[in-house]
Amino acid sequence: MGLIKSAIQSISGELSDQWKDYITCDDMDMNTLMVKKTTKSGIISKSSAIMVAPGQIAVIFDSGKILDATAEEGTYTFDASTSPSFFAGQFGEVFKDLWARFTYNGTVPKQQAVFYINAKEIMDNKFGTPAPVPFQDYSHPIPNEMTGTITPLRVQVKCFGKYTYKISDPAVFMREYAGTGDVVTKDVLNEQMRSEVIASFQNVLNELGTEAHKVPVLELPSRTDEIKATMDEKVYDEPIRKRGIQITGFAIESVTLDDESNKKIDEYEHNSNARMQQGRVLNVMETAAGNPNGAGTGFMGLGMMNMATGGMNTAVMQNAFTPQQPVAQPAVQPAPVTGEVPAVPQGAVAFCPNCGTKTSGGNFCTNCGTKLHD
């Protein structure tokens with residue numbers, strides 16, 4: 001039993017004359033994954049016509065097993081006397097071993113139908129992390145001066161986006177999910193797939209946050225190709241593939257950090273700016289101190305930088321590097337041991353024998369009035 005591709009022009013004749021039954025399926029939208037079509041009697045007669053539209057897979061089902069299948073568009077004649085043809089279409093080797101891999105047990109002894117499977121890329125499937133997931137952000141490295149290594153800043157991110165998928169193996173899809181239902185939509189499947197996509201995406205995040213990739217957290221939306229390639233390479237979407245489905249597209253629309261992570265980054269950048277500014281100040285100080293034309297010239301630039309940044313007190317730093325001249329201290333003359341005050345010429349400097357105040361000329365102390373000399 002199998003399908004024989006008919007000449008396209010033959011469809012222009014009257015269907016009742018050309019074929020006993022004519023089975024077709026309207027174009028399936030993005031929400032419809034599989035539709036069952038059969039005759040009123042449930043039996044597909046010999047010489048019946050089966051039409052396959054673009055973007056459809058037609059699977060001929062008979063009494064618990066698949067007779068034939070095709071992903072190649074066109075009109076086919078059903079002939080019970082022929083061998084399975086398995087027109088491959090875009091699916092290549094998939095249909096060649098489909099006969100041997102697919103059977104149903106416990107079905108109605110005589111039931112024939114055509115199951116039309118949506119072969120198009122199923123789009124507009126949204127996902128989002130319900131809770132923040134950890135990510136190692138190498139764009140904000142924390143240096144360890146003791147070991148000479150760096151540690152990435154650990155942040156928590158929430159991601160939202162969309163993914164697309166295609167039914168890659170019709171037999172596995174029917175066996176694992178669709179069965180022989182009349183109409184199978186993506187609504188129920190997407191709820192489970194969304195959870196599995198998020199789990200796969202979290203594994204990808206863990207991979208991209210390693211030292212081998214070092215993807216900055218805020219660049220994740222622009223790394224779509226790398227995310228998809230990592231998911232395929234590590235087969236993180238294996239639970240989805242086991243249903244005969246393959247993720248074909250993956251796009252991150254937004255990445256947000258939780259409040260604690262935003263605070264970490266703000267503090268990191270503030271401290272980094274402070275360390276950078278401190279390094280610039282120290283370089284200027286060293287240059288100024290070794291300037292042969294004088295430290296004052298070098299410190300003029302430092303003073304302007306200090307005023308612009310509100311940094312350290314330039315005067316204090318300049319004092320630290322400018323040689324200090326010793327301050328002359330007045331010579332302290334001891335007061336006479338005896339009560340006698342030696343006569344001094346006019347204008348000479350003397351000390352009051354009573355209070356020790358330094359005086360300059362005059363007969364009496366300007367502080368206590370003691371007579372200085374006769």
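**Entry 1: D62**

I began with D62, which is found in strand β5, residues 56-62. Helices (H or I, at least four residues) and strands (E, at least two) are DSSP runs, numbered from the N terminus. I noted that D62 is buried, with a relative accessible area of 5%. Here buried means under 20% relative accessible area, exposed means over 50%, and partly exposed lies in between, with a 1.4 Å probe and protein chains only. I then found a polar contact of 3.5 Å that joins the side chains of D62 and Q112. A polar contact is a pair of N or O atoms within 3.5 Å; within protein, one must be able to donate a hydrogen and the other to accept it, and residues adjacent in sequence count only if both atoms are side-chain atoms.

**Entry 2: the model and the chain**

I recorded that this is a predicted model, in which local features need pLDDT of at least 70 and side-chain atom pairs count only at pLDDT 80 or more, while totals for chains, interfaces and linings use all residues. Residues are numbered from 1 along each chain as its sequence is written, and side-chain values use heavy atoms, with hydrogens and water left out.

I looked up the chain as a whole and found nine helices and 15 strands. Of its 374 residues, 38% count as buried. The accessible surface comes to about 20,700 Å², and 53% of that belongs to carbon and sulfur atoms. These areas come from the Shrake-Rupley method with a 1.4 Å probe; for residues, only the protein chains shown count as cover. Among the contacts with a separation of 6 or more, 69% are between residues 24 or more positions apart. Contact means heavy atoms within 4.5 Å.

**Entry 3: strand β7**

Which residues of β7 are buried on each side? I found G74, Y76 and F78 on one side and T75, T77 and D79 on the other, all buried, so both faces are covered. In a regular strand the side chains alternate between the two faces of the sheet. Six of the six residues of β7 (residues 74-79) are buried, so this strand is largely enclosed by the rest of the structure.

I next traced its pairing. Strand β4 (residues 48-52) and β7 pair in the antiparallel sense over five bridges; two strands pair if DSSP finds at least two bridges between them. The bridge partner of S48 in β7 is F78.

**Entry 4: helix α5**

In α5 (residues 224-234) I listed I227, K228, T230 and M231 as buried. They lie on the same side of α5 because they cover an arc of only 160° around the axis. The arc is that of the directions from the helix axis to the C-beta atoms. The face turned away from the buried side carries the exposed residues D225 and E233. What covers the buried residues of α5 includes α4 (186-208) and β13 (245-257).

In helix α4 I located S200, which is buried, with a relative accessible area of 2%. Leaving aside neighbours within four places in sequence, S200 is in contact with M231, Y236 and D237.

In strand β13 I located L257, also buried, with a relative accessible area of 14%. Not counting residues up to four places away in sequence, L257 touches V155, Q156, V157, V217, N262 and I265.

**Entry 5: the nonpolar cores**

Which residues of the largest nonpolar core touch the most other members? Of its 50 residues, I noted V157, Y165, L220 and F250. Helix α4 gives the most to this core, with eight residues. A second, separate core of 15 residues includes M28, I44, L67 and Y76. A nonpolar core is a set of buried Ala, Val, Leu, Ile, Met, Phe, Trp, Tyr and Cys residues joined through side-chain atoms within 4.5 Å.

I also checked F250, whose contacts beyond four places in sequence include I227 and M231.

**Entry 6: positive phi values**

Most residues other than glycine have a negative phi, and most peptide bonds are trans. S47 lies in the loop between β3 (32-37) and β4 and is partly exposed, with a relative accessible area of 30%. K214, likewise not a glycine, has a positive phi of about 55°. K214 lies in the loop between α4 and α5 and is partly exposed at 35% relative accessible area.
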